[in-house]
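Q: I'm new to this structure and would like to learn how to read it. Could you take me through some features one by one?

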Amino acid sequence: MADVERDPVTGRDTTGHEWNGIKELDTPIPRGVLMFLIVTHVWAIFWWFMVPAWPLGVTYTKGLLGIDQQTTVEARVIDGQQQRSGWTTRLENEPYDTILADEALMRTVRDTGRQLFGDNCAACHGRDGRGRANYPDLTDDDWLWGGGPELIEQTMRVGINTAHPESRVSQMPAFGRDEMLDREQVRSVAAYVYSLTHPDYSTPENLDRINAGREVFVTTCAACHGENAQGDKEIGAPNLSDPYWVYGGDLDTIIASVHGGRQGHMPTWDERLTTAEMRTLAVYVHDLGTEQP
Amino acid sequence: MLANLTSLERQYALMLAGAVALAGLAMAVVGRSDVLGVHGVIVMVFGGGLAWLVMASFYGPEPTDDRTAAYYDDPIKVGIVLSMAWAVFGMFMGVWVAALLAWPDLAFDAAWSTFGRLRPTHTTGVIFGFGGNALIATSFHVVQRTSRARLAGQLSPWFVLLGFNLFCLLAVSGYLLGVTQSKEYAEAEWYADLWLVIVWVTYFVLYIATIARRKEPHIYVANWYFMAFILVVAILHIVNNLAVPISWGQAKSYTIWPGVQDAMVQWWYGHNAVAFFLTAGFLGMLYYYLPVRAKRPIFSYRLSILSFWGITFFYMWAGSHHLHYTALPHWVQTLGMTFSVMLLVPSWASAGNALLTLNGAWHRVRDDATLRFMMAAAVFYGLSTFEGSFMAIRPVNALSHYTDWTVGHVHAGALGWVALITFGSLYTLVPSLWKRERMYSATLVEVHFWLAIAGTVIYVFAMWNSGIIQGLMWRTYTQEGALAYSFVDSLVAMYPYYIARAFGGLLFLIGAIVGCYNIWMTVRAAPLAALRSDAPVQPAAVPGE
């Protein structure tokens, strides 16, 4: 059955088998392959002796180097903490004024803060901190709960409308949906609020509605937003007389806000960021506002 | 299709299709308040459709008595068509998810089209749909020719092929509906998994029974690989998918594996799916179609033995390299790493055996794009197995893990190796199966080859670049010991590479569509081949059997 032939190209014999025209040569395994096999095995066996490798019932071979990934990572974490401690201790302990005045420290804050902001805050507030619809711009001068590093740190630590015991709490009721105001009142108070930042809206034909809206505002909205609609940072009530809007300052969005109410949410970072990280971010965010117009 | 089945076999086929439809009805009723019900309807329509097909030609002429004197090629032909259809679907989904990463709005704000649901339709579509059907088809072809025997069953090849496609259909439609086990490459839920076990065991029995009927004294290498592929995939599939459904009327199940053991079982499965589905199976293809096309004997039988046993033994240990620096104990990681490196030798021995087989046929490689497909496949196989062993080394993995480098590595293997060897094999197989002299257009094969090569190279280079940049950005610290980049920074840096990757994938998809057209036209219009003997050995013709 075995018809061994000589292959003219390689000069090797075939094995003598044939499958539908396919034959095989009886070429010995090239020496390079065997060498390579030995090298990889020696390498593997070397590592088995050096590091944890083979199970032995309830334990395992620990290896001559005494390395284990758990202890390695713990040591690395401590190294990293020590490397950072130069500036993290200062950020934890020094007052904000001192930090802001130290140009070298502020460079570190800007570098580190940019990365921390990108990983923790940018998803909502944007990479540049300018926010977008429903998420406040952090680069402007307008603050719901007050600017400055201390108040920003406080907002970050407890969050807004969170489960944190000291959470900042703020809610704009749904005046229309919950029938505290009727349809016409909602429209007129929105028209009034809109006119505050859009003087050209106060045309003679709109004037009646705006005036009616002002009365509704004084009785219903002023308690939080103030007589002059300038808001109250103690309770997170936005200033309605400036050009900065969280949810949008066009007439339709204002009507929607009055009708359906608003209750923003900012997570608490108390247990997710270290004090140094939070204070870095507080300075960084404050710095965003002072750097840009 | 039924011309080769006797009326009794047609009755069995009808009963089987009816049973599937009834099972679908039962699923639809029991699971009516769940997505399981939707899958019940799909199963019912599938079974009903098949029953209708059987009935449509139920009373056609019976096969002649000498049907066993011919190879059984009908299921292979259907398998090739299904494979190419899945290729276009799966690669299209791949281009879509690639584009989603560059332009997220392409999800069009719908739940079914989110990245998490589309991505497994791509992986299942190409691995199981395209690759699986190609493996079933070519394995049926190879086992018959190298055994010089007809397939051992008449109905079972159809059961394997169509049953497997029902599994793929349930898997892919399930993802779009939100049904998933969240196990990579094993996302299909418990009922689809159970069905696949039945199909796969049938496949194994059919294959072994055909080998047992062989008229050759020795079992050819390709069949070793196909048998390893079928056997080990069955084991992997069963162990990894052990799960408890929350009720018989619901699609959701929970795996029986807890915590890090689940991760280990998953990657033992995942890596051996690469080994036995995407490597062993396709090496089976390579070992048949490459020497046939090159008209050369295999370079070394001894090297075949070394690589086969090396691959089957070492791969089994390597899965834990997917879990470096995780909760998995350090010693398991060391074993995964060292066995991955030892695995390189038999892997390269296979690639070398293939390339050295081409000695004496390099002029054919130059002139014949079909053979060049297989040559390039062997080169990419060598490249990606080297890369895989390299990435399995822990410190290298510290850089590459979780980055696009992994994605690039997978695609060097999937596009460069798996898809190229499949196209080369199909271009060899299609003319011989439909008794054509050659493919309809050699130019189109050439066009497909260059589209596929260009697509693969662009894809892999884009992912190498983006992966290494990602890995470096994630580990760069400032002098003060803080991270230099946020995660979003690394995403912004990926943007141009994501566009390049989508473009590379698109070229590959266009190549596959060109291939479909060429195969279709070959079946329709290529000149008939001169009559050649292509039939099993008859018992009487073998003296002394």
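A: A residue is called buried if 20 or more other C-beta atoms lie within 10 Å of its own, exposed if 12 or fewer do, and partly exposed in between, with C-beta atoms placed from the backbone. Before we use that, some housekeeping: this is a predicted model, where local features need pLDDT of at least 70, side-chain atom pairs count only at pLDDT 80 or more, and totals for chains, interfaces and linings use all residues. Residues are numbered from 1 along each chain as its sequence is written, while chains are lettered from A and ligands numbered from 1 in the order in which they are written.

Q: What is the phi of Tyr402(B)?

A: Here's the general idea: most residues other than glycine have a negative phi. Tyr402(B) has a positive phi of about 70°, although it is not a glycine. Ala229(A) is in the loop between helix 8 (204-225) and helix 9 (251-260) of chain A, and Ala229(A) is buried, with 20 other C-beta atoms within 10 Å.

Q: Which residue follows helix 6 of chain A?

A: That's Gly159(A), and its phi is positive, near 80°. Helix 6 of chain A covers residues 149-158, and its buried residues are Pro149(A), Ile152(A), Glu153(A), Thr155(A), Met156(A) and Arg157(A).

Q: Now for pairs of helices. At what angle do helix 3 and helix 4 of chain B pack?

A: In general, two packed helices are described by the angle between their axes and the distance between the axes. Axes are lines fitted to C-alpha atoms, for helices over the stretch in contact, and angles run from 0 to 180 degrees between N-to-C directions. Helix 3 (residues 74-102) and helix 4 (residues 115-147) of chain B pack at an angle of about 155°, with their axes 7 Å apart. That makes helix 3 of chain B roughly antiparallel to helix 4 of chain B, a term for angles over 145 degrees. The residues of this contact divide into 20 nonpolar, 10 polar and one charged. For those classes, Ala, Val, Leu, Ile, Met, Phe, Trp, Tyr, Cys and Pro count as nonpolar, Asp, Glu, Lys and Arg as charged, and the others, Gly among them, as polar.

Q: Which residues does Gly90(B) touch?

A: Touching, or contact, is judged by C-beta atoms placed from the backbone: two residues are in contact if these lie within 7 Å. Leaving aside residues up to four places away in sequence, Gly90(B) touches His122(B), Gly125(B), Val126(B), Gly129(B) and Phe130(B). Gly90(B) itself is in helix 3 of chain B and is buried, with 24 other C-beta atoms within 10 Å.

Q: How far apart in space are Thr456(B) and Ala412(B)?

A: They are 6.8 Å apart, C-alpha to C-alpha, and 44 residues apart in sequence. Thr456(B) belongs to helix 15 (residues 442-475) of chain B and counts as buried, with 25 C-beta neighbours inside 10 Å. Not counting residues up to four places away in sequence, Thr456(B) touches Leu415(B), Gly416(B) and Phe508(B).

Q: Which members of the largest nonpolar core touch the most other members?

A: A nonpolar core is a set of buried Ala, Val, Leu, Ile, Met, Phe, Trp, Tyr and Cys residues joined through C-beta atoms within 7 Å. Of the 182 residues in the largest one, Phe167(B), Tyr225(B), Phe229(B), Leu286(B), Met374(B), Ala377(B) and Leu420(B) touch the most other members. Helix 8 (residues 259-294) of chain B provides the largest share of this core, 22 residues.

Q: Finally, how many residues of chain A are in contact with chain B?

A: There are 47 of them, meeting 42 residues of chain B. Helix 1 (31-50), helix 2 (69-93) and helix 4 (103-120) of chain A each supply at least two residues to that side of chain A. Helix 1 of chain A gives the most, with nine residues. By class, the side of chain A that touches chain B has 22 nonpolar, 16 polar and nine charged residues.

How values were computed. Helices (H or I, at least four residues) and strands (E, at least two) are DSSP runs, numbered from the N terminus. Angles under 35 degrees count as roughly parallel, over 145 as roughly antiparallel, 65 to 115 as roughly perpendicular and the rest as oblique.
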